[in-house]
Amino acid sequence: MKKIFLMLMLTGSAQFIMAQKCYNLDELLRTKVHPVYEKHLQASRKFNIKVLKDTKTLTKYKQNGKLSPVKSLGKGYRIQNLSHSKPVLVHEAKNTLKEIAKKFSANSKGSTLTLTSMTRTLEDQCRLRKVNPNASVGLSSHNYGNSFDISYVRFNDRLAVNSRLDKILENVLKEFEKSGKIYFIKERQQNCYHITVRA
């Protein structure tokens, strides 16, 4: 009798834990996205990385060399404290990020960018949605390891509007987009450029 009770308790606990899962992958895959954002998702799927569900999945891709850590400081960029994403990217995205930052630094005579978001697991996205209702309800290109966000109100470690530096950054991004390396969106609510690297 005790064994049956224990099994029922464990089964009930497992069902409760499963009910606590904050996303349904099948539903996420069916969710329609804005046409402007669709090309970001299409580009993301070309890196042969499946949707990053959780930290375990992300760690697996890091161990097999498909995702690479990004240093918090580099030529022309800084990564702010990331509470809802991880500082890792696919190799092409990491290299493109460095190229963008280097070009921006050269064009602005030594200024630095601030990265505000990088690779996000579906679990990270659930946590983000609790504090930011504007966070993507469906899949995000951040879930594939080839997108990152750059603030346009934080340069040189200072939070302040700087239209000159913003214009320099936007021109660099336009140049990279024109050459077929990236797609980008200027997100007004988040004060950042959402950048997706193309394969």
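Helices (H or I, at least four residues) and strands (E, at least two) are taken here as DSSP runs, numbered from the N terminus. The structure is a predicted model, in which local features need pLDDT of at least 70, side-chain atom pairs count only at pLDDT 80 or more, and totals for chains, interfaces and linings use all residues. Residues are numbered from 1 along each chain as its sequence is written, and side-chain values use heavy atoms, with hydrogens and water left out.

The protein chain contains 7 helices and 10 strands. Of its 199 residues, 44% count as buried, where buried means under 20% relative accessible area, exposed over 50% and partly exposed in between (1.4 Å probe, protein chains only). Contacts are defined by heavy atoms within 4.5 Å. Among contacts between residues at least 6 apart in sequence, 68% join residues at least 24 apart.

Just after H4, Gly65 adopts a positive phi of about 85 degrees. The ring of Tyr61 also has a charged neighbour: Lys60 lies over its face, at 5.6 Å from the ring centre. Such a placement requires NZ of Lys or CZ of Arg within 6 Å of the ring centre and within 35 degrees of the ring normal.

Helix H3 (residues 35-44) has Tyr37, His40, Leu41, Ala43 and Ser44 as its buried residues. Viewed down the axis of H3, they fall within an arc of 160 degrees and therefore line one face of the helix. The cover over these residues includes strands S9 (182-187) and S10 (192-197).

Those two strands deserve a look of their own. S9 and S10 pair in the antiparallel sense over 6 bridges, pairing being assigned if DSSP finds at least two bridges between two strands. Together S9 and S10 form a hairpin with 4 residues between them, and Asn191 in the turn has a positive phi of about 55 degrees. Glu187 stands opposite Cys192 in S10. S10 also runs antiparallel to strand S6 (residues 147-151), to which 5 bridges join it; Ser147 has Thr196 as its bridge partner in S10. In S10, 6 of the 6 residues are buried. Both faces of the strand are covered, with Cys192, His194 and Thr196 buried on one side and Tyr193, Ile195 and Val197 buried on the other.

The aromatic residues come next. A pair of aromatic rings is described by the distance of the centres and the angle of the planes. Rings of Phe, Tyr and Trp (its six-membered ring) pair if their centres lie within 6.5 Å; planes under 30 degrees apart count as stacked, over 60 as edge-to-face and the rest as tilted. A search of the whole structure finds 3 aromatic pairs. Phe104 and Phe155 are stacked, at 5.7 Å centre to centre with 25 degrees between the planes. This pair links distant parts of the chain, since Phe104 belongs to helix H5 (residues 91-107) and Phe155 to strand S7 (residues 154-155), 51 residues apart. Both Phe104 and Phe155 are buried. Phe184 and Tyr193 instead form an edge-to-face pair, at 5.8 Å centre to centre and 70 degrees between the planes. Phe184 counts as buried at 14% relative accessibility, and Tyr193 is buried with a relative accessible area of 0%. Ring pairs link Tyr152, Phe184 and Tyr193 into a cluster. Lys186 lies over the face of Tyr152, at 4.6 Å from the ring centre.

Finally, the interior can be described through its nonpolar cores, each a set of buried Ala, Val, Leu, Ile, Met, Phe, Trp, Tyr and Cys residues joined through side-chain atoms within 4.5 Å. The largest core has 37 residues, and those with the most contacts inside it are Ile100, Leu113 and Phe148. Helix H7 (residues 163-178) supplies the largest share of this core, 6 residues. Apart from this core lies another of 7 residues, among them Leu41, Val51, Leu122 and Tyr144.

Conventions
The arc is that of the directions from the helix axis to the C-beta atoms.
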